[in-house]
Amino acid sequence: MSLMPVWISLQLASVTVLILLLLGTPLAWWLAVTRRRWRVVVDALVALPLVLPSTVLGFYLLMLLGPNGPIGGPWFEVTGSTLTFSFTGLVITSVLYSLPFVVQPLRDAFRAVGHAPMEAAAMLGARPMDAFLT
């Protein structure tokens, strides 16, 4: 029995979770606190994997990441390898598919906390990044 599929799955899950935490947390915070017009568009794009059927999402990702696609084409020109059916392609698609499951709960949690902790930190002289991290 080969354990290679288990090892690849563990690697994929670990890399995906790390990227989702680094990308999803600031994005969720921005969506929770901003009043910009782009918030609605970004929120809709984040939720798109929940709305699209998985076969349609997979087809669109194959078109985007394929060697003739707008993302896969330049990637192939630079690296000489394709994104489709590679570990890097798996990570990209896994992150895109899982993004709403990270961003939406975090966004709602940031909204529930409100602005009071950030305002208190500002009153105590903390910069916005220090207040967010602590």
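Visitor: Let's start with R107: is it buried or exposed?

Guide: R107 is buried, since its relative accessible area is 10%; here buried stands for under 20% relative accessible area, exposed for over 50%, and partly exposed for what lies in between, computed with a 1.4 Å probe on protein chains only. Before we go on, please keep in mind that this is a predicted model, in which local features need pLDDT of at least 70 and side-chain atom pairs count only at pLDDT 80 or more, while totals for chains, interfaces and linings use all residues. Residues are numbered from 1 along each chain as its sequence is written, and side-chain values use heavy atoms, with hydrogens and water left out.

Visitor: OK, and which residue does R107 form a salt bridge with, at 2.7 Å?

Guide: That residue is D43, and 2.7 Å is the distance between the closest N and O atoms of the two. A salt bridge is counted when a side-chain nitrogen of Lys or Arg lies within 4 Å of a carboxyl oxygen of Asp or Glu.

Visitor: Where do R107 and D43 sit in the chain?

Guide: R107 belongs to helix α5 and D43 to helix α2 (residues 38–51), so that the pair links distant parts of the chain, 64 residues apart. The helices are DSSP runs of H or I with at least four residues, numbered from the N terminus, while strands would be runs of E with at least two.

Visitor: And D43, buried or exposed?

Guide: D43 counts as buried, with a relative accessibility of 16%.

Visitor: Which residues are linked in a network of salt bridges?

Guide: The network is made of D43, R107 and D108. In it, the side chains of R107 and D108 meet at 3.2 Å, N to O, and D108 is partly exposed at 40% relative accessibility.

Visitor: How many salt bridges does the structure hold?

Guide: The structure holds three. One of them joins D130 and R127, with the closest N and O atoms 3.7 Å apart; D130 is partly exposed at 34%, whereas R127 is exposed at 60%.

Visitor: Changing topic: how many aromatic pairs are there?

Guide: There are four aromatic pairs. Rings of Phe, Tyr and Trp (its six-membered ring) pair if their centres lie within 6.5 Å, and the planes count as stacked under 30 degrees, as edge-to-face over 60, and as tilted for the rest. One of the pairs is W29 with F132, which is tilted, with 5.2 Å from centre to centre and 55° between the planes.

Visitor: Which parts does that pair tie together?

Guide: W29 is in helix α1 and F132 in helix α7 (residues 128–133), so the pair ties together parts that are 103 residues apart in sequence. W29 is partly exposed at 26%, and F132 is partly exposed at 24%. Together with F110, W29 and F132 form one aromatic cluster.

Visitor: Where do Y97 and F101 lie?

Guide: Both lie in helix α5, four residues apart, which is about one turn of the helix.

Visitor: Now the helices: at what angle do the axes of α1 and α5 cross?

Guide: The axes of helix α1 (residues 4–33) and helix α5 (residues 87–113) cross at roughly 40° and come within 7 Å of each other. Axes are lines fitted to C-alpha atoms, for helices over the stretch in contact, and the angles run from 0 to 180 degrees between N-to-C directions. The two helices are therefore oblique to each other, given that angles under 35 degrees count as roughly parallel, over 145 as roughly antiparallel, 65 to 115 as roughly perpendicular, and the rest as oblique.

Visitor: Which residue of α5 could I look at there?

Guide: You could look at V91, which has its place in helix α5 and is buried at 9% relative accessibility. V91 and A13 are 78 residues apart in sequence, and their C-alpha atoms are 8.5 Å apart in space.

Visitor: Last one: where is F85 found?

Guide: F85 is found in the loop between α4 (72–79) and α5. Although F85 is not a glycine, it has a positive phi of about 60°, and F85 counts as exposed at 80% relative accessibility.
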